[in-house]
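Student: I would like to go through the terms used for this model and check each one against its cut-off. Can we start?

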Number of protein chains: 2
Amino acid sequence: MTRWKCICAYDGKGFSGWQSQAKGGSVQDAIEARLADVLGKATRVHASGRTDAGVHAAGQVFHFDADWTHGPDKLAAGIRHRLDRGIQIISVRAASPKFHSRFSATGKVYEYQLHLGDADPFKRPYCWVILKPLDLEAMRQAARVLTGKHDFKAFSALNGSEPGEGADTVRDLRRLEVVAKGKNVSVVAEADGFLYKMARSIAGALVSAGEGKLSPAEVRSILESKVRTPRVQTAPPQGLFLRRVKYR
Amino acid sequence: MTRWKCICAYDGKGFSGWQSQAKGGSVQDAIEARLADVLGKATRVHASGRTDAGVHAAGQVFHFDADWTHGPDKLAAGIRHRLDRGIQIISVRAASPKFHSRFSATGKVYEYQLHLGDADPFKRPYCWVILKPLDLEAMRQAARVLTGKHDFKAFSALNGSEPGEGADTVRDLRRLEVVAKGKNVSVVAEADGFLYKMARSIAGALVSAGEGKLSPAEVRSILESKVRTPRVQTAPPQGLFLRRVKYR
């Protein structure tokens, strides 16, 4: 039995998110269906984390265990064969049996893409169109408030009725940058891990800061309150990309 | 009655091409449905030319005549409202009554996008993935053979049974460039006009030249034969973009 580590990309718009659904339609379902064909038996894959419906990935990582003696190239070719064209298998390699796509991860990088003004039809499915002017300097000030090790409960969708309640909500947001290139503005966030909807909540808060609706001081006060408020909007899924999962 | 000139972009993958179809589903159908709502009556639009199913446009031009007294901005906003998100109305302006999107055009620019090696899921719907190495210099030599004023019948899909039979098939291919940027290779073609499937046939022939399947001399001999042969492949639609329509 070998543990296989795979890196993949997917266009989130055709899927119900990463995680397997009873009615199918998820990225995991599509990949597991291919694996069942290749390996001749149902095989569960484990990702670095879920991505929500509509969220994209450029470098999602997953692993699975399989008896396979024909090497990684033929395994990759088998998975790729007839795989939904919205999913790309970037690499497949044998990993240590101790490797775990989720628990071995030391960090993740998300990018949230904004577009200032109407976007063309090729860009629209991959950004959040912002029609009002954005004050990038105000966004960067808010980003500096959020950077570092904090309890991000106020920037997640956790609440008392959800299973995550009571879990550790402290994360180390190592990097939070606002990168502008013409009309394309990206929020790049790197942390040891992200809470449910944390990347989209941070992007939403930075856009509010850029629109003058949240001051850096208000962002700080929301962060310190550790309570989710409607003043923190969740940015829509189609702008978010899981860029990279980091391992030691 | 005013003649209105519009520039639009569309992602071809969601449509059955530009031209109106009995069963709907074309870009023209979607735009005419919006116009009927805005103007309160069925209004025919006329494009610079058709694009096939799956072909994209970054700068298609169309015109229509309408009694509209509220200015171009409100007309544009009306058309945009609830328009399919795969179509973008870039501009709307009043034109001379003599302006005709097709007959006034002095040139068109098409770009055909190739990708060397597997493309990610965000690029795949907008390119032709070429897995074999391409000799770009051979492509450029073939491009030089085709550049200029020629009878392009051998590089079109016209044949005796189609309505275009007997029509003038001489076109002035003013520019045919192979532009490479890493794994992205584009064939940029500018002509006074393009025959049916001419842009895709030229892209297909240049790829064959790059793969060593057609020498520049063979490209010349096919051009001079004025007869379509299976040796000229039609590149798939998803790599083709109508970039610009030129007017005096």
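Student: Why is Ser208(A) called buried?

Tutor: Ser208(A) has a relative accessible area of 4%. Buried means under 20%, exposed over 50% and partly exposed in between, with a 1.4 Å probe and protein chains only. So Ser208(A) is buried.

Student: What does Ser208(A) touch, not counting residues up to four places away in sequence?

Tutor: Ser208(A) touches Lys213(A), Leu214(A), Arg231(A) and Gln233(A). Contact means heavy atoms within 4.5 Å.

Student: Where is Ser208(A) placed?

Tutor: Ser208(A) sits in helix α4 of chain A, residues 198–210. Helices are DSSP runs of H or I with at least four residues, strands are runs of E with at least two, and both are numbered from the N terminus.

Student: What kind of model is this, and how are its parts labelled?

Tutor: This is a predicted model, in which local features need pLDDT of at least 70, side-chain atom pairs count only at pLDDT 80 or more, and totals for chains, interfaces and linings use all residues. Residues are numbered from 1 along each chain as its sequence is written, chains are lettered from A and ligands numbered from 1 in the order in which they are written, and side-chain values use heavy atoms, without hydrogens and water.

Student: Now the loop between α2 and β4 of chain A. Is Arg82(A) buried or exposed?

Tutor: Arg82(A) is in that loop. Its relative accessibility is 74%, so Arg82(A) counts as exposed.

Student: Is Leu83(A) buried or exposed?

Tutor: Leu83(A) lies in the loop between α2 (71–80) and β4 (87–95). Its relative accessibility is 9%, so Leu83(A) counts as buried.

Student: Which residues are in contact with Leu83(A), leaving aside neighbours within four places in sequence?

Tutor: Ala30(A), Ile31(A), Arg34(A) and Ile89(A). Arg34(A) is 49 residues from Leu83(A) in sequence, yet their C-alpha atoms are 6.7 Å apart.

Student: Why does Lys197(B) count as partly exposed?

Tutor: Lys197(B) has 26% relative accessibility, so it counts as partly exposed. Lys197(B) is in the loop between β9 (184–191) and α4 (198–210) of chain B. Its phi is positive, about 65 degrees, although Lys197(B) is not a glycine.

Student: What makes Arg3(B) buried?

Tutor: Its relative accessible area is 18%, so Arg3(B) is buried. Arg3(B) is in strand β1 of chain B, residues 2–10. Not counting residues up to four places away, Arg3(B) touches several residues, including His63(B), Phe64(B), Asp65(B) and Phe99(B).

Student: How far is the backbone oxygen of Pro97(B) from a polar atom of the Arg3(B) side chain?

Tutor: The distance is 3.4 Å.

Student: How many helices and strands does chain A have?

Tutor: Chain A has 5 helices and 10 strands.

Student: Why is chain A called as compact as a globular protein of its length?

Tutor: Its radius of gyration is 19 Å, close to the 18 Å that the globule rule gives for 248 residues, so chain A is as compact as a globular protein of that length. The radius is taken over C-alpha atoms, and the rule is 2.2 Å times the number of residues to the power 0.38.

Student: How much of chain A counts as buried?

Tutor: Of its 248 residues, 52% count as buried.

Technical notes: Polar contact = N/O pair within 3.5 Å; in protein donor to acceptor, adjacent residues only side chain to side chain.
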